[in-house]
Amino acid sequence: MSITPIGRGSSADAVYSQLLALIQEGEYAVGARIPSELELARLFGVSRPVIREGLGGLRSAGMIESRAGAGTFVTATHPKAPGLVLLDRYETADLHEVRQHLEIPGAGLAALRRTDEHIAALDVLVERSRDERDVVNWIRDDLEFHVTIASATGNALQVQLIRGLRELQFEQSVEMARLAGGLAAPHAEHHAILEAIRAQDRAGAEQAMADHLAAIQQRVSALASHSTSPEQA
């Protein structure tokens, strides 16, 4: 199998999928050096940022690593469950716990303080994500959904903290969505949060956010426990 050009405007998902297939089919074995971003951009016919995003998914899955001055090398043939991936020096469980402390009461405050503009922005994000099939685009909207809720609290520090946490989790979120194979469940959870905030139901918004975060943790745990490849043991 060789790299097939995908053309400008195509998503990082296509880059990720082709490179994943090449690794799993042995084109790039464990220990092999993969082409540089510049060379991959030429081969795929896309920009370097698209290549970088596709490589980010493989990196967050524990399949490749970059070595200073040497390049990027294959480290595994199957994605590791995202619940096992370290994000900088923080474990996924640590980030999840912080999100609970911030986002559950934050959703309640958003229900009390939201404006019509916040509701309009959330409506757009939820509606757009309903039919979105590109995982990277979906996760971008997911990030903005949570940041918009933070904005509705009226607390600028809440916005900065939520954006920082979600950006730290971005690659992991993309990889989890790819491995889980579906976006219907999180979309329904977002809709429930939005409706509670729209109704200015503080308790309902907090419960909907708590349910959403618990479901995320369950999905991460399920992927980790059902991991069967040797690299995931």
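Trainee: Which residues in α5 meet α9?
Mentor: From α5, Ile119, Leu122, Asp123, Val126, Ser129 and Arg130 meet His187, His190, His191, Leu194, Ile197 and Arg198 of α9. Contact means heavy atoms within 4.5 Å. Helices (H or I, at least four residues) and strands (E, at least two) are DSSP runs, numbered from the N terminus.

Trainee: What should I know about the source?
Mentor: This is a predicted model, where local features need pLDDT of at least 70 and side-chain atom pairs count only at pLDDT 80 or more, while totals for chains, interfaces and linings use all residues. Residues are numbered from 1 along each chain as its sequence is written, and side-chain values use heavy atoms, with hydrogens and water left out.

Trainee: Back to the pair. At what angle do α5 and α9 pack?
Mentor: About 160°, and the axes of α5 (residues 116–130) and α9 (residues 184–198) are 10 Å apart. That makes the two helices roughly antiparallel, a label for angles over 145 degrees, with under 35 as roughly parallel, 65 to 115 as roughly perpendicular and the rest as oblique. Axes are lines fitted to C-alpha atoms, for helices over the stretch in contact, and angles run from 0 to 180 degrees between N-to-C directions.

Trainee: Left-handed or right-handed crossing?
Mentor: α5 passes α9 in a left-handed one, meaning that the near helix is turned anticlockwise from the far one by less than a right angle; clockwise would be right-handed.

Trainee: Is glutamine 200 buried, exposed or partly exposed?
Mentor: Glutamine 200 counts as partly exposed, at 42% relative accessibility. Buried means under 20% relative accessible area, exposed over 50%, partly exposed in between (1.4 Å probe, protein chains only).

Trainee: How many bridges join β1 to β3?
Mentor: 2, between β1 (residues 33–34) and β3 (residues 71–74). Arginine 33 has phenylalanine 73 as its bridge partner, and isoleucine 34 has threonine 72.

Trainee: And how many bridges between β2 and β3?
Mentor: 4, with β2 covering residues 64–67. Isoleucine 64 is partnered by valine 74 in β3. β2 and β3 form a hairpin with 3 residues between them, and glycine 69 in the turn has a positive phi of about 75°.

Trainee: Which residues are buried in α2?
Mentor: Leu40, Ala41 and Phe44, in a helix of residues 37–44. They cover an arc of only 105° around the axis, which puts them on the same side of α2; the arc is that of the directions from the helix axis to the C-beta atoms. The buried residues of α2 pack against α1 (12–24) and α3 (48–60).

Trainee: Which exposed residues does the face turned away carry?
Mentor: Leu38 and Arg42. Glycine 45, with a positive phi near 75°, follows α2.

Trainee: How many helices and strands in the chain?
Mentor: 10 helices and 3 strands. Buried residues make up 46% of the 233 residues in the chain.

Methods: Two strands pair if DSSP finds at least two bridges between them.
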